[in-house]
Amino acid sequence: AYTDNSIFGVPFDVGAHWIHTPNAHPLSAFGRAAGLDIYRAPDTGRLIADGVTASEAEAAEFFAATRRGERAIVAIGEAGRDVAAGRVVPDLGPWDESARFALGPFSCAKALDEVSTVDFTQSEEKEMDDFCRQGFGTLVALLAAPLTVRLDTAAHTVDLSRRRISVATNRGTLGGRVVIVAVPPSVMTAGRLRILPGLPQRCRTALETITLGAYDHIAFDLPGNPAGLKADELIYFKVTGPRAYGLLARIGGGSLHSLEVAGPMARDLAEAGEDAARTFLMEALTHEFGARTAARVGRVHATNWVREPWALGAFSCALPGYAHMRRAFMEVVSERLIFAGEHAHETLWGSVGGAWLSGERAARQALGLLG
């Protein structure tokens, strides 16, 4: 959750932007109490097919196909069968690829073949969302303001082998009786944070199976609203191949837009670099809105979360067969180490709200250990 105000001159959420399921956690309420402008996101999205707004009948067919695919996954998940979601989704006809993108990469940051049916089913339904006009990252930073936070201080080793825990960082060593580790699983599996003398096998399995997907914003300035888009409008597109994307239009009512890419497509673009992201954006806008609209694009900035060294991905989704391993991140290790983060919440994974609630749980566990 980080808001940048320098790239476009307006708040741009480089990471998290949607305040999902605000009735399940206190972040929206905290934001309002702090004087930030928190407002409800539009209830429904719009569908564009072959460069024009879809008819009501076409839109109804797309959303019905998406719901049909969702029900198929949930039926298997509720039956306790933890398999690849892609295996259980029926043929959804002409909307098959579009619905699979909405259910998989757009919602889980992974193709459905990499998504656990049980993890998908346990995820809290995101029936409503909020936005923060000043940026979600601004809200989080404001909540942290009373705390002593040291940035640019990378912890690289947590040593549990002695009576007192030591945490080695690039700015010295910290010591304590309890440690809360709130970094993505990918950072630990990559060896950027090592736990000594080693984690139990159950934790190692969780790190290897609750993995991060890919989700990026190709943000761009489009002045004058040549495509006639509404403020904060979410747009789906009919997909005819692997090049799938969504669009969050006129963020905060201004001229900032974000083409949302996720799953394998996002990974491919991340590997290809920023020029590839701009080319992809221009091709997408030309196809959907015409060359004249694409020609009016100003500044472009693409995120690259799979290459961000302290994230190495976007957010977590369990691999098929391993949804139950999230619970390993909720257990105390060696009576001294506690995990927190969106990956450490069973129903609000993939959200800042889930990360926040996992932090409250971790704090309670730590206080219990300290007596």
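I will start with the conventions, then take the pocket, then the sheets.

This is a predicted model, where local features need pLDDT of at least 70, side-chain atom pairs count only at pLDDT 80 or more, and totals for chains, interfaces and linings use all residues. Residues are numbered from 1 along each chain as its sequence is written, and side-chain values use heavy atoms, with hydrogens and water left out.

The second largest pocket has a volume of about 310 Å³. A pocket here is an open set of points on a 1 Å grid over the protein atoms alone, where a 1.4 Å probe fits, with protein on both sides within 12 Å along at least five of seven lines; lining residues have an atom within 4 Å of a point. The volume is the space filled by probe spheres set on the points, which are joined across faces, edges and corners. There are 16 lining residues, and Phe101, Pro105, Ala111, Pro242 and Pro264 are the closest to the centre. Helix 4 (96-103) and helix 10 (264-272) each contribute at least two lining residues; helices are DSSP runs of H or I with at least four residues, strands are E runs with at least two, both numbered from the N terminus.

Four strands form an open, mixed sheet in the order 10-9-8-12, where pairing requires at least two DSSP bridges between two strands. Its edge strands are strand 10 (172-176) and strand 12 (194-196). Strand 9 (residues 165-169) runs antiparallel to strand 10, joined by five bridges, and Ile165 stands opposite Gly176.

The other open sheet has three strands, antiparallel, in the order 3-7-4.
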